[in-house]
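Open the model in your viewer and keep the selection tool handy. We will take it one stop at a time.

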Amino acid sequence: MKLLVANWKMAPETAIQAVALTKKIHAIARATKKNITTVICPPFIHLQVVSKNARTLFVGAQGVAPVTTIATTGMVSASMLKGAGVTYCIVGHSESRARGETNDLVKEQLDRLLEKKIIPILCVGEHDRDPHGWYLSTIKDQIETALLNIPKATLKRIVIAYEPVWAIGEHATREATPVECNEMVIFIKKIIADLYDEKVASGMTILYGGSVTEINASVFVTDGGADGLLVGRVSLDPKRFGTLAQRIATVVS
Ligand code: PGA
């Protein structure tokens, strides 16, 4: 079973468009449900209407307040997300980190989500790669801070997404190669194994994200060793997302 997460970012513009997109993705997901769990992550404002139309799709949010106090202007709490039908939530996305989210704030968000039994999708990734591999310590810090004091039994309720910042969005230089993806999946599992043990590490769900398209998607799952994908731009195009899902389903079955 692979996990396919659609990150709609700050789109679509209207609730009507969000419902239409949800219905189209539901039809895609129905055809691939034997092999793929599909999660759609709309902006906060569309969460309720998307949840109402999600049927067998899972709904995710794109962030959560790091605290529970009401005096938190502009944020949405984990319990509000739960009430809106949210099962997953992206945290630590590089676009949120670029707005000032630190590793400590990401950790607070992750804790708030776990308290409400929402599955965090923890995004980690380096800005650049240096030839000495020092960038690996960025990933290690991101994971170690987020998992501080998290008991071993809780790890199965956490997803990690490797998203190199240089591969994300319209300013991406390129997507990762399957080899780069595979090395990072192994590296992330090694970090978990060192913090906990190999058994729990090998059971973790590790996604790849960054310029995933219907053309390159399946190779991340086969050669890249990813347990699924976090898809941005292409997830707003049902035709391309449908082809992507079908190709993943074919290589998984
Ligand atoms: P992209 O975005 O697929 O548009 O590169 C991925 C992401 O930001 O999660």
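Predicted model: local features only at pLDDT ≥ 70, side-chain atom pairs only at ≥ 80, totals over all residues.

**Stop one: a strand and its neighbours**

Residues are numbered from 1 along each chain as its sequence is written, and side-chain values use heavy atoms, leaving out hydrogens and water.

Now widen the selection to strand E1 (residues 2-7), which runs parallel to E8 and is joined to it by four bridges. Strands here are DSSP runs of at least two residues, numbered from the N terminus, and two of them pair if DSSP finds at least two bridges between them.

Are the faces of E8 (residues 228-231) covered or open? Both are covered: Gly228 and Leu230 on one side, and Leu229 and Val231 on the other, are all buried (under 20% relative accessible area, with a 1.4 Å probe and protein chains only).

**Stop two: the ligand**

Select the residues around the ligand, among them Asn7, Lys9, Ser211, Leu230 and Gly232; each has a heavy atom within 4 Å of the ligand. Which oxygen distances can you display? A polar side-chain atom of Lys9 lies 2.7 Å from a ligand oxygen. Polar backbone atoms of Ser211 and Gly232 lie 2.8 Å and 2.9 Å from a ligand oxygen. Taken alone the ligand exposes 280 Å², and the protein buries 99% of that.

Terms used:
Buried < 20%, exposed > 50% of the residue type's maximum accessible area, 1.4 Å probe, protein only. Polar contact = N/O pair within 3.5 Å; in protein donor to acceptor, adjacent residues only side chain to side chain. Areas by Shrake-Rupley, 256 points an atom, 1.4 Å probe, with all protein chains shown as cover.
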